[in-house]
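Open the model in a viewer and keep the sequence panel beside it. The stops below say what to select and what is found there.

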Amino acid sequence: MASVGTGGGRAVRHVDEPISDDERAAIARVDNNALIVRLLFTINHLSRWLSPVHDPVRLERAVYRGEPSVKDLLIGMRDHELAIFPRVHLIAVHDNPDLDQLADPESTAARHATDRARTTIALLSEFRRLRQSTCAVLRALPDAGWRREGTSRRRHDVTIRTLAESLAEHDLRTLRVMDETLDRVGAREGLAQLQTAHLDELLKLVPERMTI
């Protein structure tokens, strides 16, 4: 999507826009412990951005028709985690499992209605629980366990490390659009500077190496 500025123009980024080679390399470069921290930091970023918003309606409002609202973006993160966590867990507890045995999360009218009725903060709580569950599985693995692999004829074979990196890449694609959207809908008006820190600043806090 083209942009004429973050205030009144169309979105600079789209959630499906690929990350750059440098961004992908930065994710691949971190060790396993630091990758867990990066995935947990996503929860902190979301809480920092969303919890203090005075007008929750702004989180549900898109700037332009056809663009996602902040709430829509958060639902997308929740749905992605619902798809990835079972794969991580299955590979962690079984040798060379068939990932095609896992059903994809269903997008039903009932789920859409439930999501519409829930607040953005309630959805954030759900996402937090899912992400913490994913990271709990990752923390329990030795480094060698991150190379465990699952097979799939419908998609492709993946390791736990590959799935964890895919979560970090999805976080990056979504958070950069959310960061922009929060500015454009005016959700940050009146908030403290700490609560409006942009993603590029927050990513500087992520370590590359960690010893636990």
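Select Glu 180 to begin. In this predicted model, Glu 180 is buried, because its relative accessible area is 10% and the cut-off for buried is under 20%. Colour helix H6, residues 160-184, to see the element that holds Glu 180. Glu 180 and Arg 148 are 32 residues apart in sequence, and the line spans 37 Å.

Move to Gly 145. Where does Gly 145 lie? Gly 145 sits in the loop between H5 and strand S1, the latter being residues 149-150. Is Gly 145 buried or exposed? With a relative accessible area of 7%, Gly 145 is buried.

Thr 119 belongs to the loop between helix H4 (109-117) and helix H5 (120-139). The relative accessible area of Thr 119 is 45%, so Thr 119 counts as partly exposed, the class between 20% and 50%. From Thr 119, draw another line to Val 30. The C-alpha distance here is 34 Å, for residues 89 apart along the chain.

Most residues other than glycine have a negative phi.

Followed from the N terminus, the order of elements is α-α-α-α-α-β-β-α-α. Along the principal axes, the C-alpha atoms fill a box of roughly 50 × 40 × 30 Å. The radius of gyration is 18 Å, which agrees with the value near 17 Å that a compact globule of 212 residues would have.

Among contacts between residues at least 6 apart in sequence, 79% join residues at least 24 apart. Of the 212 residues, 43% count as buried.

The accessible area comes to about 11,000 Å², and carbon and sulfur atoms account for 51% of it. Then colour by charge: the protein has 31 positive and 32 negative side chains, and the centres of the two sets lie 3 Å apart.

For the last stop, colour by pLDDT. The average over the protein is 91, and 94% of the residues score at least 70. Select residues 1-8, where pLDDT stays under 50. For residues 1-8, the model has 15 contacts beyond four places in sequence.

Technical notes. Residues numbered from 1 in each chain as written. Predicted model: local features only at pLDDT ≥ 70, side-chain atom pairs only at ≥ 80, totals over all residues. Heavy atoms only, no water. pLDDT = per-residue confidence, 0-100. Contact = heavy atoms within 4.5 Å. Helix = DSSP H or I, 4+ residues; strand = E, 2+ residues; numbered from the N terminus. Rg over C-alpha atoms; globule rule 2.2 N^0.38 Å. Buried < 20%, exposed > 50% of the residue type's maximum accessible area, 1.4 Å probe, protein only. Areas by Shrake-Rupley, 256 points an atom, 1.4 Å probe, with all protein chains shown as cover. Lys, Arg positive; Asp, Glu negative; His and termini not counted. Charge placed at Lys NZ, Arg CZ, Asp CG, Glu CD.
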